[in-house]
There are 4 protein chains.
Amino acid sequence: MSDVQSQLLRGSFKLTRVGVTDVKKPVTIKRGNKEVVLTASFDIFVDLPAELKGSHLSRNLEVLSQVLDESVRDHADSLEILADRICSELLIRHEYATCSEVNIMADYFMEREVNGGTSSLESYLLKATAVSFRNGESNKSIGVEVIGMTACPCAMEEVRDRYLSRHPESEELLKAIPIITHNQRNISSLEIDVPANFDVEAEDLINILEGSLSSPTREILKRKHEADIVEKAHANPKFVEDVVRDILSAVLDKYQNMPDDVRIMAKSESQESIHKHNAFAERVTTLGELKA
Amino acid sequence: MSDVQSQLLRGSFKLTRVGVTDVKKPVTIKRGNKEVVLTASFDIFVDLPAELKGSHLSRNLEVLSQVLDESVRDHADSLEILADRICSELLIRHEYATCSEVNIMADYFMEREVNGGTSSLESYLLKATAVSFRNGESNKSIGVEVIGMTACPCAMEEVRDRYLSRHPESEELLKAIPIITHNQRNISSLEIDVPANFDVEAEDLINILEGSLSSPTREILKRKHEADIVEKAHANPKFVEDVVRDILSAVLDKYQNMPDDVRIMAKSESQESIHKHNAFAERVTTLGELKA
Amino acid sequence: MSDVQSQLLRGSFKLTRVGVTDVKKPVTIKRGNKEVVLTASFDIFVDLPAELKGSHLSRNLEVLSQVLDESVRDHADSLEILADRICSELLIRHEYATCSEVNIMADYFMEREVNGGTSSLESYLLKATAVSFRNGESNKSIGVEVIGMTACPCAMEEVRDRYLSRHPESEELLKAIPIITHNQRNISSLEIDVPANFDVEAEDLINILEGSLSSPTREILKRKHEADIVEKAHANPKFVEDVVRDILSAVLDKYQNMPDDVRIMAKSESQESIHKHNAFAERVTTLGELKA
Amino acid sequence: MSDVQSQLLRGSFKLTRVGVTDVKKPVTIKRGNKEVVLTASFDIFVDLPAELKGSHLSRNLEVLSQVLDESVRDHADSLEILADRICSELLIRHEYATCSEVNIMADYFMEREVNGGTSSLESYLLKATAVSFRNGESNKSIGVEVIGMTACPCAMEEVRDRYLSRHPESEELLKAIPIITHNQRNISSLEIDVPANFDVEAEDLINILEGSLSSPTREILKRKHEADIVEKAHANPKFVEDVVRDILSAVLDKYQNMPDDVRIMAKSESQESIHKHNAFAERVTTLGELKA
């Protein structure tokens with residue numbers, strides 16, 4: 001029977017990545033005593049040498065299905081470990097490939113306390129990736145995306161100056177209290193390599209991100225808690241630049257024992273309330289560079 | 001030659017809408033002395049009787065192309081007139097149809113003054129629709145979607161109460177000045193029927209929407225103008241409910257001479273800065289109901 | 001303490017829908033012996049009388065959280081029942097509202113056999129809605145969206161004519177076998193009211209939709225099964241019009257015992273492989289109209 | 001007056017990219033005798049040294065507005081030249097930046113002949129980028145994204161084998177004619193550096209992409225032309241791997257005189273008609289690597 005993919009070519013080009021994108025599957029992760037079911041989306045690739053016409057894409061789906069089935073028994077405890085297992089299996093099944101790559105995205109929920117008292121179930125986005133090479137090298141990373149709030153420090157000081165000139169008699173108060181500014185929904189994310197023999201908790205990354213914003217946001221807020229968040233955000237006015245730097249600082253603090261070649265990507269985008277466009281800041285770096 | 005679409009069926013079902021969606025074309029509109037080129041997306045439908053197997057969809061594309069070509073010569077002066085012309089032509093070309101429907105969406109740009117001085121070119125979204133019936137009845141509407149800003153009146157009063165209890169000596173000032181609250185990007189839209197012998201300027205709808213928000217937003221803002229917008233928004237704190245009602249009030253004011261059966265759809269969605277979800281308000285009504 | 005939302009207004013306008021959109025939560029559904037965890041997105045609304053300034057949106061989130069918590073104990077067995085419970089509770093908590101509305105969307109997975117043998121876990125989209133009125137009336141519906149395949153009957157006959165004129169000696173074969181045509185990814189959906197004392201299985205709707213396409217699609221396909229699907233699709237060439245009519249016919253067959261006022265919405269959109277735009281067909285109707 | 005952005009920091013981190021995203025503006029390009037108005041979306045960044053608190057984002061908008069205004073007079077003849085001009089101006093206005101980056105995306109329309117006769121206005125997506133460094137180095141690139149059609153060679157051979165075994169008497173015909181397979185909408189893109197003293201026509205890239213697919217697609221097709229496209233696609237069955245390699249081959253042919261360090265990114269994604277997921281292939285390379 002004809003195997004079109006296995007036809008040999010001459011004078012052709014190798015390909016960097018060949019595979020399937022946007023495959024949706026439910027995934028069960030067991031982390032400590034907590035078992036969660038996530039709806040995940042997968043991109044699954046290998047490279048292709050110049051002399052082969054096609055990659056056998058059905059193998060990517062078979063590998064995915066097999067690794068997900070095994071993970072129900074084996075209690076895979078993170079998305080990046082799942083990604084890594086899929087990568088290893090891809091190299092076995094695609095004997096012509098020199099490397100494999102898997103990206104996974106999934107909504108994730110976490111119970112969060114609302115300023116002393118009630119709790120609220122909040123949604124986050126997890127992003128796991130892994131790459132494996134035929135020579136045995138491999139790499140995996142975990143990332144999270146968090147929706148929070150930023151309040152602009154610049155407009156706040158400009159308005160404060162105005163208030164001071166209008167109400168000079170209240171200088172003391174006006175210098176002491178937070179002043180109105182624009183604030184807005186912000187989407188920040190952090191991705192970090194997970195080296196061999198290390199573990200990175202996605203929930204720690206969520207804490208880092210929420211701690212770097214003017215304020216985290218919560219779904220259920222009584223009037224009192226709304227005011228708490230508004231006060232907190234205005235007591236911590238931040239540009240997107242500040243958010244990214246505070247993420248980097250917390251990463252350096254938390255993961256200083258990890259190797260220097262650990263890659264870090266931190267980014268923050270504010271859906272500006274006074275503009276139709278977004279404000280954006282990003283740092284792509286390594287732990288070694290941050291330590292320097 | 002076989003014409004599969006024209007095959008006759010027995011015991012089948014009529015269809016409400018059959019056609020093509022997401023057809024992209026450049027469109028030239030001449031309005032007064034101003035000629036603008038827009039990148040528009042079209043949905044183009046007719047109904048289909050039970051006894052016909054298929055609608056000739058290529059005719060929809062031919063009609064679109066023909067009407068757009070003619071509009072370059074004839075200076076079509078609005079998207080809803082274009083939509084109406086396409087609808088009329090559809091009924092001629094689809095002799096089996098009893099009604100036709102066209103929806104058009106396009107980004108639109110308008111030069112806006114920034115608080116006394118500089119100007120900024122702002123983007124909006126236009127939405128035009130038309131339906132035509134074999135019996136001669138027809139209807140067309142124009143709508144706009146505007147990105148602006150809302151500041152929450154509820155959190156503001158809650159925080160004011162706190163400030164008052166903390167600084168009772170400054171009661172007068174704290175009751176007089178705007179207090180911090182959450183504010184955010186808001187997307188509001190207004191769609192209104194354009195009856196025969198009436199004209200509705202899309203730019204009037206944009207003015208109504210921007211006038212109903214806590215503040216419009218502008219792309220180019222020096223520090224001074226940022227503070228102006230922040231002050232304006234906090235002097236006009238609004239729920240999404242307030243935004244929709246102020247739109248309705250302005251519509252009633254501006255279009256009171258139009259017939260009672262003119263349909264109106266006003267809606268406002270705030271991308272809440274203190275939540276991950278959005279706040280939403282909507283009114284679907286007629287001019288007659290609003291007058292009552 | 002100030003309750004801004006409860007301020008009384010004069011000469012204002014009532015609002016059709018006020019609430020929150022795009023609230024993400026995990027949901028557990030127990031259906032027979034099968035328990036599934038879905039990642040769902042909720043829109044939650046009530047109406048608002050003219051004399052009230054604002055709707056208490058935090059109540060929508062509290063109601064959602066409470067009903068989801070109870071559903072873990074009570075084994076809610078469908079999304080539309082969850083939606084209905086939320087609607088009822090909304091009318092209790094928003095004492096000023098005359099109606100409530102809830103929309104839920106969630107990815108759903110179902111094990112499907114691949115042409116005799118292996119199985120493949122396929123993804124679908126569920127859409128549940130409910131509305132409740134103060135006078136006791138209520139309505140709920142369930143819908144599914146399915147990705148499948150259509151092959152065009154028109155191009156097939158045109159090409160067949162060409163082949164026949166080129167190879168008149170093979171007339172018999174060329175009239176007997178499926179001929180090449182354009183085929184493509186199709187997204188079809190069906191929504192149907194679920195009247196009191198009736199039950200509608202989402203999996204039945206999935207079966208109806210997959211049975212109405214040229215062929216369903218599967219994620220894991222060995223070469224043999226790819227060919228099976230290609231053959232099946234070309235043996236069942238269908239316009240989007242055909243797909244919608246076959247859905248309607250199957251609905252009429254399956255749900256003929258349900259009341260005449262049951263509303264039905266069937267639609268099919270083909271992401272045409274020979275065009276950049278989509279082909280679309282839709283019928284919005286009632287079971288009574290279909291029976292007529 | 002306080003300039004919060006200019007505050008000096010100690011022990012902070014430099015940032016890779018700080019700026020604004022998704023700024024929409026109309027753009028006029030004059031290319032030869034043809035003047036086109038495009039609706040473009042801009043991302044505009046500079047880097048930020050560790051010791052500065054914030055980037056002055058309003059300058060990005062001012063630079064954009066100024067360069068677009070000038071381009072109306074100066075007849076900018078490509079999006080990548082516009083991007084390059086914005087980059088240069090950014091380095092002047094952000095005196096602290098060591099590099100700048102601009103990305104532009106815009107729908108583009110091109111009149112295309114339909115197999116000998118009528119013409120059809122087709123839509124494409126342009127992607128231009130530029131980066132500039134303080135040391136005088138700079139780089140710009142142009143890319144296009146094209147929607148077309150692929151037909152699968154693998155399923156075709158599998159089905160052919162079946163037909164041959166079922167109709168052995170017609171072996172000659174069945175080996176000579178195209179056989180049914182799955183075909184689908186494909187989105188392919190090509191981005192290439194535009195070195196100094198060279199020019200790359202976006203329309204040439206569109207031709208390369210459309211020439212590398214099983215068949216280009218057209219918006220207006222009479223029945224005859226539909227059949228032409230179906231026949232063409234089935235006479236050129238292609239995997240996404242084939243599409244990318246044919247793009248690379250055409251690029252090597254057309255741009256062999258450009259320097260070896262010219263970067264090339266070619267990718268192809270088929271929205272598989274027999275699967276719910278997509279098939280994907282990509283090559284990221286340089287002209288020098290391709291020549292090797």
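Glu145(D) lies in strand S5 of chain D, which covers residues 138-151. The model is a predicted one. Is Glu145(D) buried or exposed? A residue is buried if 20 or more other C-beta atoms lie within 10 Å of its own. Glu145(D) has 21 C-beta neighbours inside 10 Å, so it counts as buried. Once its neighbours within four places in sequence are left aside, Glu145(D) is in contact with Tyr124(D), Leu125(D), Lys127(D), Ile187(D) and Ser189(D).

Helix H7 of chain A runs over residues 240-254 and has 15 residues. From its first C-alpha to its last, H7(A) reaches 21 Å, close to the 21 Å expected at 1.5 Å a residue. Which residues of H7(A) are buried? They are Val240(A), Glu241(A), Asp242(A), Val243(A), Val244(A), Arg245(A), Asp246(A), Ile247(A), Leu248(A) and Val251(A).

Backbone angles are the next topic. Most residues other than glycine have a negative phi. Asn197(A) has a positive phi, near 70°, and is not a glycine. Asn197(A) sits in the loop between S6 and helix H5 (202-212) of chain A. With 7 other C-beta atoms within 10 Å, Asn197(A) is exposed. Asp22(B), another residue other than glycine, also has a positive phi, near 65°. Asp22(B) belongs to strand S1 of chain B. Asp22(B) counts as partly exposed because it has 16 C-beta neighbours inside 10 Å.

Now consider how chains A and B meet. Their contact takes 38 residues from chain A and 38 residues from chain B. On the side of chain A that touches chain B, at least two residues each come from strand S4 (119-133), strand S5 (138-151), helix H3 (153-166), strand S6 (183-193) and helix H6 (223-235). H6(A) gives the largest share of that side, 7 residues. By class, the side of chain A that touches chain B has 15 nonpolar, 13 polar and 10 charged residues.

How are the two copies related? A rotation of 180° with 0.0 Å of shift along its axis superposes chain A on chain B, with an RMSD of 0.0 Å. This is the relation of a two-fold axis. Of the interface residues of chain A, 100% are also interface residues in chain B, so the copies meet through the same surface.

Chains B and C form another contact, with 39 residues from chain B and 39 residues from chain C. Strand S1 (15-31), helix H3 (153-166), helix H7 (240-254) and strand S9 (278-286) of chain B each supply at least two residues of the side that touches chain C. S1(B) gives the most to this side, with 9 residues. The residues of the side of chain B that touches chain C divide into 19 nonpolar, 10 polar and 10 charged.

S9(B) is joined by 5 bridges to strand S1 (residues 15-31) of chain C, and the two run antiparallel. Glu282(B) has Arg17(C), in S1(C), as its bridge partner.

The same surface serves both copies, as 100% of the contact residues of chain B recur in chain C.

Methods. Residues numbered from 1 in each chain as written. Chains lettered and ligands numbered in written order. Predicted model: local features only at pLDDT ≥ 70, side-chain atom pairs only at ≥ 80, totals over all residues. Contact = placed C-beta atoms within 7 Å. Helix = DSSP H or I, 4+ residues; strand = E, 2+ residues; numbered from the N terminus. Nonpolar A, V, L, I, M, F, W, Y, C, P; charged D, E, K, R; others polar. Pairing = 2+ DSSP bridges. Expected span 1.5 Å × (residues − 1). Buried ≥ 20, exposed ≤ 12 C-beta atoms within 10 Å, placed from the backbone. Least-squares fit on C-alpha atoms with pLDDT ≥ 70 in both.
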